[in-house]
Every structure is written in structure tokens, then in C-alpha cells.
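The structure is shown first.

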Amino acid sequence: MSTFQAPKGTYDLTPPRSATFLAVREAISAPLRDSGYGYIETPGFENVELFARGVGESTDIVTKEMYTLTTKGGDQLALRPEGTASVLRAALEANLHKAGNLPVKLWYSGSYYRYERPQAGRYRHFSQVGAEAIGTEDPALDAELIILADQAYRSLGLRQFRILLNSLGDKECRPVYREALQTFLRDLDLDEETRRRIEINPLRVLDDKRADVQKQLTGAPKLRDYLCDACKAYHEEVRALLAAAGVAFEDDEKLVRGLDYYTRTTFEFVHDGLGSQSAVGGGGRYDGLSEMIGGPELPSVGWALGVDRTVLALEAEGVELDLPATTSVYAVPLGEEARRVLFGVVTELRRTGIAADFAFGGRGLKGAMKSANRSGARYTLVAGERDLAEGVVQLKDMESGEQTAVPLAEAAAELAKRLG
Ligand code: HAM
């Protein structure tokens, strides 16, 4: 193994590709920030207990994929595999739900860790931007979140994504369905592990990708037929609000999701250019999670969009984000004296808010101009002995190639004027 290799299942973000990641985080969070969501940041690790109780003891995330550790003091911690349980824990700890302003609307952005088998689009360290609306049961809130994610993806230029929508029922109707499903599944010809799953998480069996299992599942009781009237009405309202907003979705009654906390609305954003790891984002309602982690009843809904997969989706669609060059002015000094003078001009430009960079290391004109080009700067400032003797610097417009001598003392003001 090379010393310079990132750990298995991880990768580094380096320029220029890293700029796309920043732009994606920005684009996903912008609609949230415009819709009353406040920024929250929680630690990268939590007590194992939180995820075991919140995400669920029967999920792959908790049983197989969590990075757990025991501290020197004996605490059992886990690197966060997802954000919802942490955000709800933090909101409860800060009593945000008691401030009298429900729902508590929060957004976040950060690193998450899952010990998964790495493949294209599936990593052990990945990045999400998420949103949680805590403490309110209102179909318009579910619709709002789906609409904002759709808006975010569209603002990035993504088109080949689809929204899958389902309802998982609530604590009244889901147990009835669960039992009916278990009775059906117990009669099938299944392996030991799947038989165990029937007892702890039967809905996940519906998700089994194997053809021989899928064949046996035809005729399985459908959740749709078991939804109680309240869940049905709620779901119809979410669907109607999405339709009214012009957001297309597909009903997908197989959409179960890999976390145990969901009730009623669940949804996933899938992209058709990504192969097997096609879910670019997902979420849903989690009315029971607060009580599962020891809090009061707080019906809530949220989603998380995967930044890594969103970038892959952009690449798959060939979308090039319009990323403005980060440097406006590039200074190229020729000689010692010019280095001191132009470094001063660069400092002055930066203090007035103009993005400027400098040819460090005393390179020759040719190499320095190459760097100026690569920086994407609109203007280059060049000065040598003779220019300084005349009290001027050469200002080159990199688009037109036109070069003019500008008095040194006016260089910064002239650039500010030209750059608007
Ligand atoms: P999730 O579906 O587990 O949901 O993850 C959301 C998104 O994170 C996925 O759609 C995917 O884009 C990305 N993601 C997950 N695992 C990986 C991985 N190993 N490599 C790359 N990307 C990955 C949640 O995490 C829920 N907390 C969402 C939520 C918020 N539900 C309610 N509120």
C-alpha cells in the first residue's frame, strides 16, 4: 500500500473537482435557507445508543455498517452513519421544540461514515446535505421538502432524476400489515437469514433483489390495502400538493428505505445515469423517532441528499456547472523591486474585495503567464524594472489581449472600475 493512499472506500476532494462539490452543497442548501431552515451542526460522533435506538437494531446500518469505538474513558461511540437522529437529539437537548415555534426547521451539511462494500457511488466516507422539519404533522410540510429538493436539483441543471413516493402507514395500521406480511412470508421457501429478517423487519424482505425471492413475493399482501383512513387521506394530500406544484413523482409501494424510523411518507430521488447506486437522496416522515430516543411526541419529516452521488449524476448527464473563476487579477513581477511593489498592489486589491493572486517564487515571464492563464484571471498586472522607473504597471486584458500602461498609484482603482 502506498503511503499516500486514502483509506479504502474513501477519496479526497482536490481542486478543480472540489469546486463542484462546494457548488453542489451551496445549490442544495440555497432553497432551504430561503424557506426558513436554520443551520445546525452536530458532532461527527454520538453515543452508539442513539443510532441503535433511532436508526434501528435490525437495520444493516446499525448491525453491519457502523464505525464504533470505545474511548479511553469507556464510552461507546459511533461515527455518525446518518444525520437525522443526531439533529433530533441536538434539537431536544437545546429545547428548540419548546421555543413555541413549530416546526423547528433545520438544515445541515457534513461527513457521514458507513462501513459498506465500496463500489462506484458507494463510499465509506460520504457527504450529505440534509433538512429536518421537527414537531409538526402537516402534509404541506412533507410536500415542501420534496419540492425544495426538486428545486435544488433543477437549479443544478439535473434532469434525469425521478421521485419515488410511498406511505409506510403509522402506528395504527402498520402493525396490522406487518403481521399479515409475516404470516405470508413464513410460508415461503427462504434461507435462514431471510427467515430471521421476517421476524425483525419483514418489510425489508420485500426489498430483496434476488429473482427467486421476488418470484415468491408475487401475491404478498400490499401495504396500500392496509393503510388506515387517516394515513390514506394524509398521503393523498401530499400527492395533491406535489401535483399542484408541478412536481412529478411515481408511486412506488416497494419503497421501504433502510432506516427503521419512518412512518407515513417516504420518498427517494433516483438518477437513471448512476447504475446500481442510483439513489441520490432520500427521506420521509418519522413521527415516532423522538419517542424512540426518549423524547416527547414530535412528528417530523426530512431528507438527506448525497453530495457525492449528486456530483456523479451531474457528470453522468454531462452538466458543467457555471463556476466563476476564483481569481480576477493575477500579478506577474519581473525582478526583486517589482515583487515588492506588485505584492503591495495585490494586498490592496484583496482588501478592497477583489480576488487576486501572485506569481510566487520569482519565475520567468513565460511560466508566470501560464499560471495567470490557468488561474482564469480576467486581468494580469505585469511590471519590470523599466515600468517601475516610469511609475507604471502593464495592465493586460486576458480576454482581448489588449495591454495598457497604467500609473502604479492608480492600478488598484482602475482595476476596481473595470471589474465593476
Ligand atoms: P439515506 O437514504 O440512508 O437516508 O441516505 C441519503 C443519501 O445519502 C443517499 O440517497 C445517498 O445519496 C447518500 N449516501 C448514503 N450512503 C452512501 C454511501 N455509502 N456512499 C455515498 N453516498 C451515500 C438518510 O441518511 C436519512 N437520514 C435521510 C433522512 C433525513 N430521512 C429523514 N430525514
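## Glu 46 and its surroundings

The side chains of Glu 46 and Arg 89 are joined by a polar contact of 2.7 Å. A polar contact is a pair of N or O atoms within 3.5 Å; within protein, one must be able to donate a hydrogen and the other to accept it, and residues adjacent in sequence count only if both atoms are side-chain atoms. The model is predicted: local features need pLDDT of at least 70, side-chain atom pairs count only at pLDDT 80 or more, and totals for chains, interfaces and linings use all residues. Residues are numbered from 1 along each chain as its sequence is written, and side-chain values use heavy atoms, with hydrogens and water left out.

Glu 46 belongs to strand E2, residues 45-47 (strands are DSSP runs of E, at least two residues, numbered from the N terminus). Glu 46 counts as buried because its relative accessibility is 7% (buried means under 20% relative accessible area, with a 1.4 Å probe and protein chains only). Beyond its neighbours within four places in sequence, Glu 46 is in contact (heavy atoms within 4.5 Å) with Phe 51, Gln 76, Leu 77, Ala 78, Ser 86 and Arg 89.

## Cysteines

The count of disulfides (pairs of cysteine sulfur atoms within 2.5 Å) is zero. For Cys 173, the nearest cysteine sulfur is that of Cys 228, 3.7 Å away. Cys 228 is likewise in no disulfide; its nearest cysteine sulfur, that of Cys 231, is 3.6 Å away. Cys 173 is buried, at 4% relative accessible area.

## Domains

The domain assignment, which is automatic or from a database, gives domain 1 (17-173 + 227-317) and domain 2 (329-419). Their C-alpha centres are 48 Å apart.

Terms used
Helix = DSSP H or I, 4+ residues; strand = E, 2+ residues; numbered from the N terminus. Buried < 20%, exposed > 50% of the residue type's maximum accessible area, 1.4 Å probe, protein only.
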